[in-house]
Amino acid sequence: NRIFPYPVLNRNDALSDYVATSVFHLNFDIDESGSPIIQNGNVVFKNLHYTLTDPTLIDLVSQGKLKGAFIVECSASVYRSRFDITDVPTDLCVSAHEINGNVAVSCYLYATEDIVGFKSEGFIPEYSGYAFDIDKFDILAVDDGFKFKIELDPTEDDKVASIFTVVKKENAGDIMSCSFNSTKIVI
């Protein structure tokens, strides 16, 4: 159930409790396939920022009462991380090996403290004139982002399964030997 007990600004107009002129959405540069840029084994969220137009929410952000969170999730690699995000473009790099497969990104504005009597001129008419008490960590703006796929060739992975190789030495009795080179240790 995606219904909050207070108005939430959502990028999806059908789920938003704000008028159409109030906007919140996630932005970053993408390549020609519609995915983030991949450079040097990293997924680069270039010029990562959010766009916010509601004056009340902008004021709460400037007061430090709201903060942005950018979430990167990849179920195939069991990766989920939260990063701070603002309205100022910045670059964020995440190792492509950590998020190989289907990836979902999203963005939220959440309360950093309790806010008593929250109201906005941007509320839809059904909420006009109402005030709400917001608890710390309540979400006030949502962009469910989108999904994309990162496909890396696993043979290009620079990780080695093991540097040890254990081999049974025939007719050696109880004698153990060890040899090594720059990439393997044979016991």
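Biologist: Which residues have the most contacts inside the largest nonpolar core, and how many residues does that core have?

Modeller: The model is a predicted one, and its largest nonpolar core has 39 residues. In soluble globular proteins, nonpolar side chains tend to be buried together. Those with the most contacts inside this core are F45, L57, F70, V105 and F118.

Biologist: Which residues does L57 touch, apart from those up to four places away in sequence?

Modeller: L57 is among the residues with the most contacts inside the core. Once residues up to four places away in sequence are not counted, its partners are L9, Y18, L52, L66, F118 and L140.

Biologist: Is L52 buried or exposed?

Modeller: L52 is found in strand β4, which covers residues 42–52, and leaving aside neighbours within four places in sequence, its contacts include L9, V23, F24, I58, V61 and L109. L9 is 43 residues from L52 in sequence, with a C-alpha to C-alpha distance of 9.6 Å. Because the relative accessibility of L52 is 14%, and buried means under 20%, L52 counts as buried.

Biologist: What is the nearest side chain of opposite charge to D138, and how far away is it?

Modeller: D138 is placed in the loop between β10 (132–134) and β11 (139–150), where a polar atom of its side chain lies 2.9 Å from the backbone nitrogen of D135. Beyond its neighbours within four places in sequence, D138 is in contact with Y6, L109, Y110 and A111. D138 is buried yet has no salt bridge, and the nearest side chain of opposite charge is K136, 12 Å away.

Conventions
Residues numbered from 1 in each chain as written. Predicted model: local features only at pLDDT ≥ 70, side-chain atom pairs only at ≥ 80, totals over all residues. Heavy atoms only, no water. Helix = DSSP H or I, 4+ residues; strand = E, 2+ residues; numbered from the N terminus. Buried < 20%, exposed > 50% of the residue type's maximum accessible area, 1.4 Å probe, protein only. Lys, Arg positive; Asp, Glu negative; His and termini not counted. Salt bridge = Lys/Arg side-chain N within 4 Å of Asp/Glu carboxyl O. Polar contact = N/O pair within 3.5 Å; in protein donor to acceptor, adjacent residues only side chain to side chain. Contact = heavy atoms within 4.5 Å. Core = buried A, V, L, I, M, F, W, Y, C linked by side-chain atoms within 4.5 Å.
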